[in-house]
Amino acid sequence: MMRGRSDGGLKKRLIASVCVVALFVCFLFMYYGSSSQGASALEYGRSLRKLGSSYLSGDDDNGDTKQDDSVANAEDSLVVAKSFPVCDDRHSEIIPCLDRNFIYQMRLKLDLSLMEHYERHCPPPERRFNCLIPPPSGYKVPIKWPKSRDEVWKANIPHTHLAKEKSDQNWMVEKGEKISFPGGGTHFHYGADKYIASIANMLNFSNDVLNDEGRLRTVLDVGCGVASFGAYLLASDIMTMSLAPNDVHQNQIQFALERGIPAYLGVLGTKRLPYPSRSFEFAHCSRCRIDWLQRDGLLLLELDRVLRPGGYFAYSSPEAYAQDEENLKIWKEMSALVERMCWRIAVKRNQTVVWEKPLSNDCYLEREPGTQPPLCRSDADPDAVAGVSMEACITPYSKHDHKTKGSGLAPWPARLTSSPPRLADFGYSTDMFEKDTELWKQQVDSYWNLMSSKVKSNTVRNIMDMKAHMGSFAAALKDKDVWVMNVVSPDGPNTLKLIYDRGLIGTNHNWCEAFSTYPRTYDLLHAWSIFSDIKSKGCSAEDLLIEMDRILRPTGFVIIRDKQSVVESIKKYLQALHWETVASEKVNTSSELDQDSEDGENNVVFIVQKKLWLTSESLRDSE
């Protein structure tokens with residue numbers, strides 16, 4: 001009887017073994033049978049999240065991305081030193097420091113009327129995600145620029161709420177598998193291009209071009225929608241920081257970045273915007289639904305802080321033209337406020353008013369004693385932004401700007417390579433600036449040579465320099481059809497103002513935390529000694545790698561320039577991240593960019609590319 005049970009168990013084990021072998025053969029067939037069919041998408045089964053993976057074929061709808069057959073090397077083996085699970089599909093659009101679920105779970109006491117719930121609230125280390133963010137069902141490699149300005153894949157951002165809500169304003173339109181952008185907005189239904197030309201005409205700019213022959217280069221668009229205003233300014237060599245919160249207008253900044261338009265998630269709440277003083281020549285609000293009179297004009301004074309001497313604020317809103325009692329009251333109070341701020345009406349026509357800031361401190365000094373708002377304290381730093389609360393005061397100009405009656409900046413494009421007036425704030429010389437510009441020009445040429453087999457003229461569009469310093473990396477990319485988000489750490493010299501003075505854009509950020517952007521929004525990340533920097537702060541390299549993977553688009557690139565020991569430690573994570581090596585090159589230790597290397601350790605340029613992978617659920621849904 002016992003023997004009989006044993007024989008039955010043996011048969012069951014034999015059948016189970018045969019099934020396992022059969023499944024393994026099927027796995028091998030799927031793996032090797034599909035590897036030659038174009039661009040690869042990596043499938044995750046729920047039970048294989050941590051240990052296993054298999055390749056399934058997938059098509060790149062743009063026809064631009066193909067995996068080399070040679071990538072099936074040792075990096076693709078199933079035995080790895082490190083591995084990461086895949087986050088649940090509902091987290092495919094997670095922004096860790098702008099996550100309202102986290103706010104609810106932690107029961108943070110925030111003032112909703114002050115928009116504090118749209119400001120950054122980062123989880124502590126023990127609550128951070130340690131998993132990879134999956135793409136949504138049916139995700140495709142993004143459409144390339146410049147075609148992407150006008151259309152994106154609907155599957156990549158499966159939100160059509162705005163297309164329905166704003167159907168009469170031409171924000172966006174559903175067209176089969178795509179979402180198109182006719183260029184409309186809440187105030188410019190018939191196209192941003194016509195609206196922009198009308199503003200230039202109002203200001204009597206040459207040929208109705210808003211760049212004013214290169215004198216107007218940087219723009220802040222507050223409450224930007226899907227950023228069509230900034231999109232159409234690019235043709236005039238104007239760089240716009242399109243700003244909006246992650247609010248009821250679902251994914252507006254995500255749409256902007258998917259289109260290849262510079263944009264950033266932010267809000268005029270209680271903290272200063274992450275930009276230095278005197279960064280923008282022009283600010284714009286088209287029905288941005290902001291109460292500019294609240295808190296003694298605090299939000300308008302923050303706008304004043306970031307505007308340059310003689311800068312403009314274009315305001316298209318019912319308050320500027322409506323004749324009902326409520327709007328007339330708002331207009332009267334707003335007009336009185338900006339007059340006390342020494343702004344003047346440059347022009348007012350139809351439904352738009354354009355105010356202009358003074359060129360010097362003269363008007364401020366001539367105000368009656370006790371006039372509100374007051375001038376900010378003389379010891380206040382107008383460029384400090386990290387975690388700094390806004391103040392209801394006027395930021396006076398520096399002695400240089402007051403004396404020169406303006407910012408003293410050259411017109412674009414000469415501005416890019418001209419020594420910025422604020423260079424002296426850091427004790428930097430013109431010679432240092434010019435040398436830095438030339439060094440990075442050489443390095444960028446070298447990077448593109450290393451990536452030549454992978455990168456075509458339209459392969460990358462959205463680029464981030466994670467440690468921008470003076471912005472010379474971005475300056476070296478001027479002749480490429482790209483834009484760069486220049487990031488400067490709050491812990492070092494606040495060189496972001498030099499970047500803006502060069503006609504570039506950027507933001508302030510600490511890489512021990514998650515960046516304020518949606519997943520899959522950048523094509524290339526440049527990480528110059530970032531891993532060494534965060535190690536010195538006691539922050540996690542694993543957390544940073546997961547964050548970089550979150551914001552990097554599938555098929556996107558990472559250029560890591562760091563110590564060889566740091567790069568070697570990063571290589572252990574490549575398979576877990578589904579990144580593959582593109583190129584690696586030792587850097588001459590005599591290079592001035594790499595002189596901080598300790599003990600003569602070589603620095604390395606290490607370039608990787610992120611693979612396109614999908615969860616098994618995504619594949620089933622797309623089928």
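I take buried to mean under 20% relative accessible area. The model I am reading is predicted.

**Entry: F255 and F181.** I looked up F255 and found 0% relative accessibility, so I log F255 as buried. I then checked F181. Its relative accessible area is 3%, so F181 is buried as well.

**Entry: the ring pair.** I counted aromatic pairs and got 23 for the structure. I opened the one between F181 and F255. The ring centres are 6.0 Å apart and the planes stand at 65°.

**Entry: F426 and Y428.** Next I took the rings of F426 and Y428. I read 5.5 Å between the centres and 20° between the planes, so this pair is stacked. I also looked up Y428: relative accessibility is 18%, so Y428 counts as buried.

**Entry: charges over rings.** Which residue lies over the face of F181? I found R259 there, at 4.2 Å from the ring centre. I found K467 over the face of W528, at 5.0 Å from the ring centre.

**Entry: cluster.** Last, I listed the members of one aromatic cluster: W292, F313, Y315, W331, W343 and W355.

Note on methods
Residues are numbered from 1 along each chain as its sequence is written. This is a predicted model: local features need pLDDT of at least 70, side-chain atom pairs count only at pLDDT 80 or more; totals for chains, interfaces and linings use all residues. Side-chain values use heavy atoms; hydrogens and water are left out. Rings of Phe, Tyr and Trp (its six-membered ring) pair if their centres lie within 6.5 Å; planes under 30 degrees apart count as stacked, over 60 as edge-to-face and the rest as tilted. Buried means under 20% relative accessible area, exposed over 50%, partly exposed in between (1.4 Å probe, protein chains only). A charge sits over a ring if NZ of Lys or CZ of Arg is within 6 Å of the ring centre and within 35 degrees of the ring normal.
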